[in-house]
Amino acid sequence: MVKIRYRLLAVSLILLIFLVKIPYVFAQTPTFQSNLVTTEVQQLLRQGQQAYNSNSYSLAIKLLQQALQLATTAKSDRTQALIHSNLSLAYQQLGDWDAAQQQISAGLQLLHPSQSKPTPTLLKIYAQSLDIQSRLWYMQGKPEAALKSLQAAAQIYLRLGDEALSIGNAINQAQSQQALGLYQQAYNTLEQIQQRLMAIPDSVIKAEGYLSLGNVLLAIGELKQSQISFENSLALAQNLPSSSAKSEVKSAALVSLANMFWAQGNLERDRYTNRNYNNLPWQCQQRAPSDFEAVPNSALRSYQNAALQYQQLLAIPSSPSIRVQAQTNYFNLLVETGQLSAAQALWHEIKLSDLPNNRQAVYAKINAAKNLACLSQKTAADSSVSHEIDNLLESAIQDAKQLQDSRALSYALGNRGGFYEYLAVAALHKSISKADTDYLLTSQNLTQQALLLAQAITAPDIAYQWEWQMGRILAAQTKDERAIAFYQMAVESLKSVRSDLLSINSDVQFSYRDNVESVYRELVDLLLKNSPNSAASQEYLQQAITNIDALQLAELQNFLRCNLVQILPINREVTTIDPNAVFIYPIILENRLEVIFKFPGQHLEHHLYTIPRNTVQDTVMQLRNAIYTRNPSKIRAKSQIIYRWLIKPIEAYLQEHSNIKTLVFVLDGELRNIPMAVLYDESKDQYLIQKNYALALLPNSQLFDLRSSQLEKPKILAGGIGEQQENVETRNFSSLNIDELQQIAKILPSKLLINSQFTPANIHKQLQSKAFSIVHFVTHGNFSSDPENTYLLAYQQLIKAKQLNNLLRDDTVNSRDIKLLVLSACKTAEGDNRAILGLAGLAVRAGANSTLSTLWQINDNSTTQLMVQFYTELKKGGVTKAEALHRAQKALLLQPEYQNPYYWAPYILVGNWQ
């Protein structure tokens, strides 16, 4: 992901004094009548505003407190209230939540419009103070209270007829709705904002509105829509009459647009590349020239577009802060993409000294130091570069101290600790002149200071980084128990940080793959490493499972950009659900594969294989390629290796316990991209599907209702597209064989929606009757780690994951009535390492207990035969869904023309197998 710092602008020029980052919105002061505010107070307010807008929050507080004393003496309640509200905002930026709460409470108490006819000025100040209060609630993890406060302010803006303030408020509401899991409401709000912006005349307000909206859309992963908003903002900026406003909006929009392209490029690249999870945050990902050759063209185009935006910005006049921001981001892009000579040339042009001493300058120095460290690692620079890096970080620390900015100081101290950690682990002891320095202890000391500051201001989004860093430092000293404790603290901190805040935090740039995933994997690594000879072995194994489950939840939340626990908050011990099921947890670590087994009523067991991660990845990729090319000998050769890893250790147990009917796989990493049915037992000359066990996949235990749910008198809503479809969102789709729809209608009561009838509106209408326990779609579908490329084809339109959520989960449809969702003729994106996220995400969004789908598209008579057999088995009763699928696959395999795994293997059951 990209290291992005978003420039946030006001939608209106007449909001409360300062820019409110909620996270992307703003506020400035209304115009007061001169007799209400003395000249001295006005001057202090202006100076405070300037200090705040330049990120000098402590100075802003000092100036505002002086203004408050004068306003109190003059007994001007409105002015006092205004200052109290803005003091709250400044304290929020410093993370002093108690002081922020005291100030906003004082302001609202003075402002409450108890009089029968409050003036418009009083109402406006009161509404804007409610906006600031909502930011406080939001940042403290109380989105319900934030939304309530915003809605109260919205009513006042509506009454005043102030469209600009109303639009800014609506953008904030969309953020709170997103945090609450109210995805449809948030999406509708954003759509309404776009329509409202289109309706107002061209102006600075409109240009800035599109910019703010674009940043929100970018934050929630709507890259295409964010691009449109940024381009609208740029187009409007070109025609602004004010040259200063034109320059400011254009510069900010170019930076945001460049950041969007960069993010897009990294997402495309990461889908098709693997990474080393053991790299330190200050350790640059080393990419060989061949790695850049393997980057898909779509990623290269995005990088080129990002570079073009940065170049355009650097060619026009702009403020020092915007210019340095663009230069440092562009420098980072050049380093990441291997353009080292250009990066070195640009580095000498960056003048960090041009920045005023504020929080942005602190962050700019830290980012520049980190980028320079990456460049030095790739070019094997001499020790003088390490001196330069350390001096930059020390300068950032001193600047933060001078600003009295605890958040910035924590970030600077922690990053300097990270730099020393890298020096220690990399054993680059000649990089610093003090040869007797103990780098690891220096790192530990700096990290402890940073952590204490982050904890004091209740900043879990920073604290987890230093808890994680402490865990790594202690692990490097082989103090594993203490290391595990800090890792567990980091995981708890991550739980308290909402997924939306992680993805949009503009202060501490966040990357899911670089941050969250590594925390969980390194913790699991430590737990498993210490479990064999530990008295707490069972506890550590259970913690490992719990953390892998939490990782998969975080991964799905990152994919869907939402808080999934809001959808189905079920937290239970999954292994008590089915006494006839064995749970298999393979965990891919950097230098080994660990497999944990949970048997009914017994202790956990685990097996260790000393196999590098890349060997596991290569084996899986080769097996998948062999399946695609329908090469039986290669399929057996590769699948028997994975069989030995996952099944061989429990063969004796399975033979002794005839009650075991189901193997439930909680798969990790690349293993999710292959069907377990194809694993091959060379000693018995059998595929796993030929044995007596039904198979199921469980992406996450918290998101599926796993209680027994036998299908009683099932009725099917079945539909699909057989006709060729052209130019559907620029995609073309071939015709499909949908005979299976007619065939299954002969087995169980069904309502069919075929071709032109197969529309979202018709699907929704039928589901409102709540008569169906099974939904079966035969249509083109694609599962990808890109939410935009995960879809089902309806008639002349695509159903994305979020639209499926809207179809199946609104107030008129109870998706929990749907016991089974069948997606036939779908496929996972080829070459996409995490394509199965698309299927898991779609299954979770749908809310059905179980989802039966295909990993690759098989559109011939074999699919019809399998589905007919599947429903025939279900109709008999007394079988689980997994057992019915197992029997159908075995029946298909017995037919000579379909014995190749390509035909019977792609069908997988996700979720509740019972």
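Colleague: In which element is Asn 727 found?
Modeller: Helices and strands are DSSP runs numbered from the N terminus, where a helix (H or I) has at least four residues and a strand (E) has at least two. The run that covers residues 725–728 is a strand, and Asn 727 is found in it, so to speak under the name S9.

Colleague: What kind of model is this?
Modeller: Residues are numbered from 1 along each chain as its sequence is written, and side-chain values use heavy atoms, with hydrogens and water left out. Local features need pLDDT of at least 70, side-chain atom pairs count only at pLDDT 80 or more, and totals for chains, interfaces and linings use all residues, since the model is a predicted one.

Colleague: Is Asn 727 buried or exposed?
Modeller: Its backbone angle phi is near 55°, a positive value in a residue other than glycine. Buried means under 20% relative accessible area, exposed over 50%, and partly exposed in between, with a 1.4 Å probe and protein chains only. Asn 727 has 58% relative accessibility, and therefore it counts as exposed.

Colleague: How does Arg 630 count by its relative accessibility?
Modeller: Arg 630 also has a positive phi in a residue other than glycine, near 60°, and its place is in the loop between helix H25 (613–628) and H26. Because its relative accessibility is 38%, Arg 630 counts as partly exposed.

Colleague: How far apart in space are Trp 645 and Tyr 609, C-alpha to C-alpha?
Modeller: Trp 645 lies in helix H26, residues 632–646, and is buried, with a relative accessible area of 7%. A contact means heavy atoms within 4.5 Å, and Trp 645 touches Leu 593, Val 595, Tyr 609, Ile 611, Val 616 and Thr 619, not counting residues up to four places away in sequence. Trp 645 and Tyr 609 are 36 residues apart in sequence, while their C-alpha distance in space is 7.6 Å.

Colleague: Which residue lies 363 residues from Leu 94 in sequence and 7.8 Å from it in space?
Modeller: Leu 94 has its place in the loop between H3 and H4, and it is buried, with a relative accessible area of 10%. Among the residues that Leu 94 touches are Tyr 57, Ser 58, Arg 359 and Gln 404. The residue at 363 positions in sequence and 7.8 Å from C-alpha to C-alpha is Ile 457.

Colleague: Within what arc do the buried residues of H4 fall?
Modeller: Helix H4 (residues 97–111) reaches 21 Å from its first C-alpha to its last, close to the 21 Å expected, where the expected span is 1.5 Å times one less than the number of residues. Its buried residues are Trp 97, Ala 99, Ala 100, Gln 103, Ile 104, Gly 107, Leu 108 and Leu 111. The arc is that of the directions from the helix axis to the C-beta atoms, and seen down the axis of H4 the buried residues line one face, so they fall within an arc of 160°.

Colleague: Which residues are exposed on the other side of H4?
Modeller: An α-helix has 3.6 residues a turn, so residues three or four places apart point the same way. What covers the buried residues of H4 includes helix H3 (77–93) and helix H5 (120–139). On the other side of H4, the exposed residues are Asp 98, Gln 102 and Gln 109.

Colleague: Which helix gives the largest share of the lining of the largest cavity?
Modeller: On a 1 Å grid over the protein atoms alone, a cavity is a set of points where a 1.4 Å probe fits but cannot get out, and lining residues have an atom within 4 Å of a point. The largest cavity is lined by 15 residues, of which Arg 672, Leu 698, Pro 699, Ile 836 and Ala 840 lie nearest its centre. The elements that give two or more residues to this lining are helix H24 (537–560) and helix H31 (836–846). The largest share, 4 residues, comes from H31.

Conventions:
On a 1 Å grid over the protein atoms alone, a cavity is a set of points where a 1.4 Å probe fits but cannot get out, and a pocket is an open set with protein on both sides within 12 Å along at least five of seven lines; lining residues have an atom within 4 Å of a point.
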